[in-house]
Amino acid sequence: MAYRWGMAVDLDRCTGCEACVTACHAENNIPTVGAGQAARGRAMHWIRVERYYEGDFPDVRVKFRPVLCQHCDAAPCEAVCPTYASHQSEDGLNAQVYNRCIGTRYCGNACMYNVRFFNFFNPEWEKPLNLQLNPDVSIRSVGVMEKCTFCVQRIKAAKVLIKSENRDLKDGELQPACAQACPTTALVFGDLNDPESRVARLSHSPRGTKLLEDLGAEPKVTYLQKQAWYEPDAH
Amino acid sequence: MNRTLTKPLADDLVRPLFHTSVWFYAIVLTAGTVVACGAAAWAFQVWNGIGVAGIRWPVFWGFYLVNFVFWIGISHAGTLISAILRLVDAQWRRPVTRCAEVITVFALMIGAMFPIIHLGRPWLAFWLFPYPSSREIWPNFRSPLAWDFFAINTYLTGSVLFLFLPMIPDLALVRDRSTGWRRRVYGFLAFGWRGTTTQWNRLESAMQIMAVAIIPVAVSVHTIVSFDFSMATVPMWHSTIFGPYFVAGAIFSGIAALIIAMAVLRKTLRLEAYLQPIHFENLGKLLLLMSLLWAYFVFAERLTVWYGNEPSEMAVFWATQRGEYAVFYWTMVVCNFVIPLPILGIRRLRTITGCVIASLGVLVGMWLERFLIIVPSLAHKQLPYSWGTYEPRPVELTIMAATFAAMILLYALFSKFVPIISIWEMRAGDRPATPSATGDHS
Amino acid sequence: MKAVYGLYAEPELAQQAVDNLRAAGVADADITVISSEPFEHFEFGHRDAKTVMPWMAVVGGLVGMTTGYLLTSVTQMAWPLKTSGMPIVSWWPNLIVIFELTMLGAIVASVITLLVSAKLPGSRAGKLYDPEVSDGYILVGVENPSDPARLEPALAINGGRVKSVES
């Protein structure tokens, strides 16, 4: 049976440390644009940790929400692309083919999660930082969109490995960089088509919700958090 | 009426082709310089990357798309209006049609540049074309941008033909009156037109069919431009009203552009005898109608959003109504409704000057409308954490200025080389529309 | 080409000239009328008004429609790529492309019909023409007449000038 990759994000476990953001940058050769360009809205973080504050000072609570591409089944970014750069892969990944992208940026507008990022300039790495680039991941040139791939290079490698060893993929064996780096295991990645996988079970947890679920994009990322009826008085 | 009297008419209308004033060179030089600056700005952007523009995450579309919608909107002045007036056989259309159709062709050409200018990799724009390539991939016909490609190409092809076909007899007339290189050039462009009964009948048939065909195409073009927005689940974009709302706005701004162009032509080419107050009066009434229609659509849109009270839409609603974009919003309302309504509604004020003032306001207002549709929505999508802002950069402003200069330049050149008022249609209009005394044998 | 023709300032005179030529036994198809504007309200302006153009427009539209259908659905099936959970052959969006190509087909077919049936672009060499037409005169004449002398009186109407071409 085909894979159907998905993720569960346990908000009750997330400490907002942003290790996932750093790991993602390192794994996927995401350029850092510098303070000036970041202030002009050119920063690229395939996964970001959104901070929300609850309550009034001094009784303030911070909530963190890591947001990455939700790899929607009915992803609004896909159909609007005139060149099929954005489309759904057989494994249910929301794939972005850089070579086909001509940079209309329509996908970025259509995405309600704002998790698509645009290369406004050609990326640069100061020496010797160019030596730390991941050879498994292509560098994106100016004018193309990029976004979270669920570390598709690791998925491909794992598929080759299990084929050569003639075995099935073990749950948890394959992890994207963010999940691997998460110290509290708030991010759980796996195959949603395997009912026994951790991610499949967590996706059916009563704590689970989907982000902006009512917009109908059918995201494959589930957010887990204590539901409101748990909280006696939040404020 | 003596038919020989049409000779002075023809002489008068080809006069701008043979006599050039200093102003022509001044306008061409000035506008040409600005266009050259725009071309340089675009080259700068292609060389350095589109990051030199102000667009950013999450406002991925900015001034370029605003100008795209604006110019495609302007293009609804000509062919659409001229086609409608031809079909209902409105006699006052005769001096107006060509001025209007020219606007359509040039505004479409300018507007269609923007989707290419705004691309991240404009050198790959030809991937939008449906052609069998070695990549074995075709455009995604589910994308509104692919629809744009077909709609704009159909409209541009139709509009160029709609402009050119009735130009042929006039080009033949210029051919007969010129010598040397002009005679050769106009002779080539006139396609060997003689004016036989068969040729006239075929031309009229073709114009009738084209007029019928071009109206649904024009409506579809701006509807599809609106689909670029309404297909996405972006707050205040995802609306069924967008199709008719955009078409009405397009005709609105198109008529305004036409009135301004006619007023300028009237003064610069001394066409007071042809572009008379009655034409401005009639177009002014149309503009008034469109202003009311526009206000109706805006009210329907705003009321629906406000009453529905959907949080993400309300964020955009308040940002435009009383937030950071409120200045632009209320300027738009003043320019599109508050100013035009009394000027065009009170007969004493509906003079040529009055119509031009109202039209200038409408152009500003309709430009702001497109800005207010595109930017505040993208800046306030569903997740408040990813809200943003947008400011244009010099490169965007230069290219925008260049497109206005390009319109002036192209219009000046066109009215220099082609009679801007259709001579044969004016001639045909001289005769009252009554059945002939000799009877109808056909 | 040899020809005999008259130039008239008034369409009524041109109509009279056409009628006279007919009376003189000239076939309708041999009478050439050239003018600087269409005269829809005169009988001579209606000669040869029948055209297949509307039908050609319909045919062009059907060709465009078929092209649109094939272009969209065949290419979608040639490399089926899933986007936004839509069907591979998505009718709603395809209808837009089909509509545009239908209209384009109708427009192009009408214009081609116009060019072919009005013989445009064509050469004026060896054809009856007088530049005075562009001053507003209406030319009524006969190309290669068998008996020019007999036709001249028919064209010589009060207010008209009769000319002939010999070459």
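Me: Where is A:Ala75 found?
Reply: A:Ala75 is in the loop of chain A between strand S3 (61–67) and helix H3 (76–79). Helices (H or I, at least four residues) and strands (E, at least two) are DSSP runs numbered from the N terminus. This is a predicted model, where local features need pLDDT of at least 70, side-chain atom pairs count only at pLDDT 80 or more, and totals for chains, interfaces and linings use all residues. Residues are numbered from 1 along each chain as its sequence is written, chains are lettered from A and ligands numbered from 1 in the order in which they are written, and side-chain values use heavy atoms, leaving out hydrogens and water.

Me: Is A:Ala75 buried or exposed?
Reply: A:Ala75 is buried, because its relative accessible area is 1% (buried is under 20%, exposed over 50%, partly exposed in between, with a 1.4 Å probe and protein chains only).

Me: And what is A:Ala75 in contact with, neighbours within four places in sequence aside?
Reply: A:Ala75 is in contact with A:Asn94, A:Ala217 and C:Ser84 (contact means heavy atoms within 4.5 Å).

Me: How far is the C-alpha atom of A:Ala75 from that of A:Ser86?
Reply: They are separated by 9.3 Å, and the two residues are eleven apart along the chain.

Me: New topic: which domains does chain C have?
Reply: The domain assignment gives domain 1 (3–49 + 124–165) and domain 2 (53–117); such bounds come from an automatic or database assignment. The centres of domain 1 and domain 2 of chain C, taken over C-alpha atoms, are 45 Å apart.

Me: Thanks, that helps!
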